[in-house]
Every structure is written in structure tokens, then in C-alpha cells.
Amino acid sequence: MAKKIQYNHDSKTIAEIQKDVDFTVLTPTKIPDDWTLDTKTSPWLSLHYMDSNDTKLMVSIDLIKGIRVPYDGSPHSKQVDINGSIGYFSEWGDSGKVDQDEELNTGGLLRWAQDGTSVEMLTYSLSKNQMLEIARSMK
């Protein structure tokens, strides 16, 4: 059984959102238990997973109807496999550097399409492998 999601900021639930959209709302099953979820529904659907203190965005996942996987043509974009679908990962230009808050920048932008939904995931906090693990757990 999937864990119960803790919503914050009076967010709409995934079940409520699914009733209002005409595409599959994909959500990750492999996220830390102490993260909370803040949903944004305009102009597209965004799932903002926050740390346990609700102060730091851990990962943002944008969902929109479609099967298009945007590829920016950048030599920095690397093709990856996500549940049998082609995706593209682009590492941030400042990845591996310390930001103004003295935190190490990691992560990047991951894009793919699954079940009629185009997905774009971004983070400055997680590694590429952590992003792929979350992406591959989306159902």
C-alpha cells in the first residue's frame, strides 16, 4: 500500500486534481516519508515536494497532457531510460558548486512522457540517480 501523502498549504489532493484534468496524474511512490506536497494547478499541474520543515523545495514535478518529450538539442542533455520510455537529463551548469546559502548544487532537469502525460522534473538538491529513482517510481 502506498504511503499517505501529507499535503501542505491547503493544496488540492491528487484525487481531486485527477477529477479535473483529462490526463493521467503521475505521482512518485519512492519519496521520503517526511516530505510534504504542495500542489499548484495553474497554468499547469505542479507537484512541489518540500522538506519536512516545509522550507526547502526538494523536487518539482510539472505534468501536462501530451506525449512530447522536449529535447533541447544541447550537448549536455543525456538520453536516459525511464520505465521503457526515452527521457533526457540535463545537469545544471553550476552543479557541484556551492550556492549563496552554502549548499551544494546538484541535480538538473529531467524530461519524459509516460501514459499520455509529459513530465518535467527539476531539483537543485538531489543527484541524477535520486531523480531517476523517483522518476521510475511514478505511477
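This is a predicted model: local features need pLDDT of at least 70, side-chain atom pairs count only at pLDDT 80 or more; totals for chains, interfaces and linings use all residues.
## Aromatic pairs

The model holds two aromatic pairs. In one of them, the ring centres of Trp-35 and Tyr-49 lie 6.4 Å apart. Their planes stand at 45°, so this pair is classed as tilted, since stacked planes must be under 30 degrees apart and edge-to-face planes over 60.

Trp-35 has a relative accessible area of 8% and is buried. Tyr-49 is also buried, at 1% relative accessibility.

## The stacked pair

Trp-92 and Tyr-124 form a pair with ring centres 4.7 Å apart. Because their planes meet at 15°, the pair is stacked. This pair, too, links distant parts of the chain, its residues being 32 residues apart. Trp-92 is found in the loop between strand 5 (85-91) and strand 6 (108-114), and Tyr-124 in the loop between strand 7 (117-123) and helix 2 (128-136). Tyr-124 is partly exposed, with a relative accessibility of 40%.

## Strand 1 and its partner

Strand 1 is largely enclosed by the rest of the structure, because four of its five residues are buried. Strand 1 and strand 2 run antiparallel and are joined by five bridges. Across this pairing, Lys-40 stands opposite Ser-46 of strand 2. A hairpin of four residues connects strand 1 to strand 2.

Definitions and conventions
Residues are numbered from 1 along each chain as its sequence is written. Side-chain values use heavy atoms; hydrogens and water are left out. Rings of Phe, Tyr and Trp (its six-membered ring) pair if their centres lie within 6.5 Å; planes under 30 degrees apart count as stacked, over 60 as edge-to-face and the rest as tilted. Buried means under 20% relative accessible area, exposed over 50%, partly exposed in between (1.4 Å probe, protein chains only). Helices (H or I, at least four residues) and strands (E, at least two) are DSSP runs, numbered from the N terminus. Two strands pair if DSSP finds at least two bridges between them.
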